[in-house]
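Student: I'd like a close look at how the side chains pair up and pack together here. Could you walk me through it slowly?

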Amino acid sequence: MARLLKVGGVKTEDIYKDIVRVSAANRKNDCDRDIVEGSVCKVVVASNQKERYAILRGNKGSDTEIKIDEYLRNKLGIEKGKEYEFTFKTRWWYQFCWPWSATDPGYRISSQIAVISFLLGLLSILLVVVL
């Protein structure tokens, strides 16, 4: 279900962290179920169908405002101060997909190292079983 929200700026600590702040009333997924604060979801802009993974957090300000940093706004093709319809999609595997495209290199690099380590572990188990 799409929600009409006005785009606002974020606090300094949220810049380059892929954090989107939305009030609890508007933090619902595409099936109209509540989204737990801190969940990874896919933010979709209805007007241009652009989408990005983000972490949804609470917004103590206006119920009709969504706070997104400039980097994420540019990726979504939206402008600060304008209203857009947003849909939040949640799937359990998004928590594994998000780090691969995360803005913060700390999240991105650590997740890539974890996947490489997991694959090397599987390869070593396979080699021990075969040889």
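Tutor: Let's begin with Arg-3, which counts as buried at 12% relative accessibility (buried is under 20% relative accessible area, exposed over 50% and partly exposed in between, with a 1.4 Å probe and protein chains only). The model is predicted, with pLDDT of at least 70 required for local features and 80 or more for side-chain atom pairs, while totals for chains, interfaces and linings use all residues. Residues are numbered from 1 along each chain as its sequence is written, and side-chain values use heavy atoms, without hydrogens and water.

Arg-3 has a partner: Asp-32 forms a salt bridge with Arg-3, and their closest N and O atoms are 2.8 Å apart (a side-chain nitrogen of Lys or Arg within 4 Å of a carboxyl oxygen of Asp or Glu). This pair links distant parts of the chain, since Arg-3 belongs to strand S1 (residues 3-8) while Asp-32 lies in the loop between strands S2 (19-22) and S3 (40-45), 29 residues apart. Helices (H or I, at least four residues) and strands (E, at least two) are DSSP runs, numbered from the N terminus. Asp-32 itself is partly exposed, at 40% relative accessibility.

Now follow the chain to a second bridge, where Asp-104 and Lys-17 bring their closest N and O atoms to 3.0 Å. Here 87 residues separate the partners: Lys-17 is in the loop between S1 and S2, and Asp-104 is in the loop between helices H2 (94-97) and H3 (105-130). Asp-104 is buried at 17%, whereas Lys-17 is partly exposed at 28%. Glu-51 is partly exposed at 38%, and Lys-42 is buried at 15%. In the whole structure there are 7 salt bridges.

Next come the rings. The structure also holds 7 aromatic pairs (rings of Phe, Tyr and Trp, using its six-membered ring, with centres within 6.5 Å; planes under 30 degrees apart are stacked, over 60 edge-to-face and the rest tilted). One of them is the tilted pair of Tyr-16 and Tyr-71, 5.9 Å centre to centre with 55° between the planes. Tyr-16 sits in the loop between S1 and S2 and Tyr-71 in helix H1 (residues 70-76), 55 residues apart. Tyr-16 is partly exposed at 48%, and so is Tyr-71 at 31%. Trp-93 and Tyr-94 are edge-to-face, because their planes stand at 85° with the centres 5.9 Å apart. Trp-93 is partly exposed at 38%, but Tyr-94 is buried at 5%.

Finally, look inside. The largest nonpolar core has 18 residues, and those with the most contacts inside it include Val-20, Ile-68 and Phe-86 (buried Ala, Val, Leu, Ile, Met, Phe, Trp, Tyr and Cys joined through side-chain atoms within 4.5 Å). S1, S2, S3, S4 (51-57), H1 and S6 (83-89) each supply at least two of its residues. Beyond its neighbours within four places in sequence, Ile-68 is in contact (heavy atoms within 4.5 Å) with residues including Gly-8, Val-20, Leu-76, Ile-78 and Phe-86. A second, separate core of 6 residues includes Tyr-53, Tyr-94, Trp-98 and Ala-102.
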